[in-house]
Amino acid sequence: AGDGWLCCDLDEEGMELLERLEKENPIETLKRCGHKGRLMVSGSTSSNVDGRWVARGHTGTKVIDGDMVQYGLGLSTTMAWEGLNSFSIDVMGERRRARLIDDTLVWNDGDVWTRDGRTRHSNMKPVDTYGDSELEAGTAMMPPFTAFCQKGLKPNSPNQDAWSVVRVEDDFSIYSVYDGHGPHGHDVANFVKDTLPRLLVSRLTEAADLREMFTETYRRMHLLIDSADAYDKLSARWSGCTSTTVVHHHQTGRLSLAHVGDSSAVLGGWDGAKTYAKQLTRDHKPQLKDEMARIIASGGLIDFDGYSDYRIYNKDGYGAGLNMTRSLGDLEAHRETGLIADPEVSEHQVGAHDRVLLLCSDGIWEFMKPEEAVDIALKFSDPREAAQALVKDARQRWSLQAEYIDDIVVLVIPLSTSKSPRRSPVNKASSGGA
């Protein structure tokens, strides 16, 4: 229209797709897309409510732990997640529903729960798993994985990080992490976590050009966020998330990566003498020459915040002040400052010395170098112990070097079946990822 732009309304098409996805579970989506055999989908749930709460109406303290609500005196009930931070519980045969709004649970009967100030929010986000649970523990082709998603110490903020894993036996695994930001970043991160992997599996096996496939899928994901915002399913004008996705092709050992934002993917290994680390993604920051040129050409302003980050504003100097140049969501910044949802796409062939793949939010990388993270991870043969050690070390660094502790999500994927990566002989498996 005028300058070569094609103007169209994709809201209706997007909502039709979302309605279809809401009617089927992730395994049904995989089967509908033609994937057969053993399938598994696992990810952090959208529950950001673990901890101690104080009720105003029905007085007393409640403790939420995963899907259980404890009332005291040995009384408890089950909490069910009903989508986008909506929850329900059964009380004496009656279903009560609540929605999480600005760290407050507002119930349909007028009761309001607020977080107990003594709660330190150290809980891990619970996990949902669909399909064959044996695939979660790993097979000869698919190594086991461990994911930790832990809330930081930020006043009046829910856990905004999330992760997901999709596995199709003897074919591929999709590993993803998401880091939300803004007042409703947790909604956007969970929305992307529930939707993006399904968009990818519908295109992955038929894609002739992975770069084009990743770009089109990320763009469509962003349009779906815009549609959901237009229909008041979530608020994404001033909120968004990062997304880092790695497709591990089991037969070849090849890693295909797509990412927006600053949730880095790092490969680690042991060459027989020392550990090494290779950062497979670059953080999309305003100070990068190519990213800065696009932001300025689009009318955005870049300013140093006086502490550690360059931030992006519109031409009048207003806006969210994001410290990244690519994201999903952040609708105002995309419209006014040159942010884009196009992912940076790359590939890596897993080699004989490669031992571990780490996908983490900046809760890990803010005060930890890739070499340090790999060195910690390769001290352990159990990926769960490696993930726990990374989270513990990162939280200690935040407590010493910052006034708060950021949310942390960690995915640890071994790339070798060796019991002791530092002492084992070279892995000669032709697949590279076995």
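The model is predicted: local features need pLDDT of at least 70, side-chain atom pairs count only at pLDDT 80 or more, and totals for chains, interfaces and linings use all residues. Residues are numbered from 1 along each chain as its sequence is written, and side-chain values use heavy atoms, with hydrogens and water left out.

## Overall make-up

The protein has 10 helices and 24 strands. Both are DSSP runs numbered from the N terminus: helices are H or I with at least four residues, strands are E with at least two. Of the 434 residues, 53% are buried. Buried means under 20% relative accessible area, exposed means over 50%, and partly exposed lies in between (1.4 Å probe, protein chains only).

The accessible surface comes to about 19,600 Å². Carbon and sulfur atoms hold 49% of that surface. The areas come from the Shrake-Rupley method with a 1.4 Å probe; for residues, only the protein chains shown count as cover.

Contact means heavy atoms within 4.5 Å. Among contacts between residues at least 6 apart in sequence, 65% join residues at least 24 apart.

## The barrel

A barrel is closed by 8 strands, in the order β2-β3-β4-β5-β6-β7-β8-β9. Its pairing is antiparallel. Two strands pair if DSSP finds at least two bridges between them. From one strand to the next, the twist averages 30 degrees. Axes here are lines fitted to C-alpha atoms, for helices over the stretch in contact, and angles run from 0 to 180 degrees between N-to-C directions.

| Strand pair | Bridges | Residues facing each other |
|---|---|---|
| β3 (residues 60-65) and β4 (residues 68-72) | 3 bridges | aspartate 65 and methionine 68 |
| β6 (residues 86-91) and β7 (residues 94-101) | 6 bridges | valine 91 and glutamate 94 |
| β7 and β8 (residues 104-107) | 4 bridges | arginine 99 and valine 106 |
| β23 (residues 354-360) and β24 (residues 408-414) | 5 bridges | leucine 359 and leucine 411 |

The hairpin of β6 and β7 has 2 residues between its strands. In this hairpin, methionine 92 takes a positive phi near 50 degrees.

## The open sheet

An open sheet is formed by 5 strands, ordered β11-β24-β23-β17-β18 with antiparallel pairing. β11 (146-150) and β18 (275-279) stand at the edges. Each has a single partner strand, so one side of each is left without a neighbour in the sheet. Neighbouring strands are turned by 20 degrees against each other on average, direction ignored.

Two helices pack on this sheet. Helix α9 (residues 370-377) touches β17 (265-270), β18 and β23. The direction of α9 makes about 130 degrees with that of β18. Helix α10 (residues 383-401) touches β11, β23 and β24. Its direction makes about 150 degrees with that of β24.

## The nonpolar cores

A nonpolar core is a set of buried Ala, Val, Leu, Ile, Met, Phe, Trp, Tyr and Cys residues joined through side-chain atoms within 4.5 Å. The largest core has 42 residues. Leu30, Ile174, Phe191, Val192, Met221, Ile225 and Leu328 touch the most other members. Elements that each supply at least two residues include α1 (11-22), α2 (26-32), β12 (161-168), β13 (172-181) and α5 (210-230). Helix α4 (185-204) is another of these. It gives the most to this core, with 9 residues.

A second, separate core has 23 residues. Met142, Cys149, Leu411 and Ile413 are among them.

## Single residues in loops

Histidine 250 lies in the loop between β15 (243-249) and β16 (254-260). It is buried, with a relative accessible area of 1%. A polar contact of 2.8 Å joins its side chain to that of serine 173. A polar contact is a pair of N or O atoms within 3.5 Å; within protein, one must be able to donate a hydrogen and the other to accept it, and residues adjacent in sequence count only if both atoms are side-chain atoms. The histidine 250 side chain also reaches the backbone nitrogen of phenylalanine 172 at 3.3 Å.

Two aspartates have positive phi. Aspartate 170 has phi near 65 degrees. It sits in the loop between β12 and β13 and is partly exposed, at 43% relative accessible area. Aspartate 232 has phi near 60 degrees. Its place is the loop between α5 and β14 (240-241), and it counts as exposed at 70% relative accessibility.
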